[in-house]
Amino acid sequence: MAGGPMRRVAALLACACLPLAAAPASAAERGPVGWGAGTIGGAGGTTRTVHTRAELKEALANDGDPTAPKVIRVVGAINGHESDGGSLLGEQDYAPGYDLGQYMSCFGQDGAEWSDTRHDYCAQQRRLRQTGSNKEKAQIQLTVPSNTTLVGVGDDARLLGVFLTVNTGTNIVVRNLRLEAPVDHFTSWSPDDGTRGSWNARFDALTVITGRNLWIDHCTFTDGRFPDRAAPLGFHGERVQRHDGLLDIEDGSDFVTVSDSRFEDHDKAILVGSGDGRGDRDRGHLKVTFVRNLFDDIVQRGPRVRFGQVHVVNNVYVSRGRAPLYALGVGVESALYSERNVFRHDAVLAAYGGERFHDTGSWIDGRPARLNAVAAGLGLTDDVGWDPADVHHHRPLTSAAAVEHHVLTHAGTGRQYGRP
């Protein structure tokens, strides 16, 4: 992208200074639009306020009745590594003696092949990595049960290094929270993944597995204090990847709306559908709406979709420091409908085994994007087999200026957010 548009984007992010334009009613007033419409979470149930990980875990369990309606209010910062006694746990607490450098050395200088006998410590490092990973997961994973509203109070409610999950839960609302993606202290190297090998981290900021009727609203997803550029060097002079995704929606999840949220400074942001071979679970499901979200310095997956009927409408994509690979990934059997999105870079589409993609009215740097022609060049047809207007009511903003103003003003934690 040229220097002029880049400077304009930086200014917009600083002051949201586009002219005012008509915008939809606030999310608090209207509830979720799109596929997640009707989701109410724990409205009408008991209310608890939590300040620590232990309190949050207890509130989610809800005195042995986890699926009863409840509203959990998060105040301040909750750290996933906080022990019940209040101390913060680290790598050596989970696996005393584990050493990333020693672990890497057991693959050889080029990272080509693991050997338990390459050094006398290799078998021990392999075991420590596995047990450490399992202990870290047990510590930082918190699962949100059905009929729950998890909502941040004010503009500084944060989940730091929490692996938040939904597992078969229904009717769940997550709002006004800053979710800092967990650092995987025990990320694994796979020499045969890709052309030169790849790191595979384990934890997302939020994973939805077989969840139904979810509303994720006014949240900020980010690598926060631990960006990729600060990770240690790994093989081939590249950084060790200690993060997985920001938000994954998979395994037959359905009827989800993600609105007015920010996804910042991350590589693989959002995955819809868990694998090309999971059609038995995902086919006919994964109905998701992404509306009025900001994707700021995201390299890829904004989102990448397999199987699902996914509506991406009135989102803004900007790149200020990281070179994007693509915004929208068209995966196997996906039916991705893009509508009036604003792109401030031209790395928009990538095809990953999909055949269908449709766009209506999007813009690249203020000009018509003509993404259907781009899709045709990738061998995709613009007939996705469905139209959002036929399945749910929505009123998209219809100018690039209106979309940018609304998203840059409203998206993210604490931004003109009303209580549910």
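Which strand is the place of valine 318? I found valine 318 in strand β23. Helices and strands in these notes are DSSP runs, numbered from the N terminus, with helices being H or I of at least four residues and strands E of at least two.

**Ground rules**

I am working with a predicted model, where local features need pLDDT of at least 70, side-chain atom pairs count only at pLDDT 80 or more, and totals for chains, interfaces and linings use all residues. Residues are numbered from 1 along each chain as its sequence is written, and side-chain values use heavy atoms, with hydrogens and water left out.

**Entry: valine 318**

I looked up the accessibility of valine 318 and got 3%, so it counts as buried. My scale calls a residue buried under 20% relative accessible area, exposed over 50% and partly exposed in between, with a 1.4 Å probe and protein chains only. I then checked valine 318 against aspartate 297: the C-alpha atoms are 6.2 Å apart in space, while the two residues are 21 apart in sequence.

**Entry: the cavity**

For the search, a 1 Å grid is laid over the protein atoms alone; a cavity is a set of points where a 1.4 Å probe fits but cannot get out, a pocket is an open set with protein on both sides within 12 Å along at least five of seven lines, and lining residues have an atom within 4 Å of a point. Grid points are joined across faces, edges and corners, and a volume is the space filled by probe spheres set on the points.

How many cavities of 30 Å³ or more does the structure hold? I count 1, and the largest cavity has about 50 Å³ of space. β20 (294-300) and β23 (316-318) each supply at least two residues of its lining, and β20 gives the most, with 3 residues. By class, I noted 7 nonpolar, 3 polar and 1 charged residues in this lining. Here Ala, Val, Leu, Ile, Met, Phe, Trp, Tyr, Cys and Pro count as nonpolar, Asp, Glu, Lys and Arg as charged, and the others, Gly among them, as polar.

**Entry: the largest pocket**

Next I opened the largest pocket, which has about 720 Å³ of space. Its lining has 32 residues, and Ser198, Trp199, Gln241, Asp267 and Lys268 lie nearest its centre. The elements that give two or more residues to this lining are β11 (198-200), β17 (262-268) and β20. Which element gives the most to the lining of the largest pocket? I found β17, with 4 residues. The class tally for the pocket lining is 10 nonpolar, 9 polar and 13 charged residues.

**Entry: salt bridges**

I count 19 salt bridges, taking a side-chain nitrogen of Lys or Arg within 4 Å of a carboxyl oxygen of Asp or Glu.

In the pair of aspartate 228 and arginine 322, the closest N and O atoms are 3.1 Å apart. Aspartate 228 sits in the loop between β14 (220-222) and β15 (247-250) and arginine 322 in the loop between β23 and β24 (328-331), so this pair ties together parts that are 94 residues apart in sequence. Are aspartate 228 and arginine 322 buried or exposed? Both are buried. I also noted that Asp228, Arg229, Asp265 and Arg322 are linked in a network of salt bridges.

Another pair is arginine 126 with aspartate 116, whose closest N and O atoms are 2.7 Å apart. Because arginine 126 lies in helix α6 (residues 122-140) and aspartate 116 in the loop between α5 (100-105) and α6, the pair ties together parts that are 10 residues apart in sequence. Arginine 126, at 29% relative accessibility, is partly exposed, and aspartate 116, at 30%, is partly exposed.

I traced β1, helix α3 (residues 53-61) and β2 as a right-handed β-α-β unit; right-handed here means that, with the strands pointing away from the viewer, the path from the first strand over the helix to the second runs clockwise. β1 (residues 46-50) and β2 (residues 70-74) run parallel, joined by 5 bridges, where pairing needs at least two DSSP bridges between two strands. Threonine 47 stands opposite valine 71 in β2.

Last, I checked helix α10 (residues 400-410), where 10 of its 11 residues are buried; among them are Val403, Glu404 and Leu408. Glycine 412 follows α10, with a positive phi near 110°.
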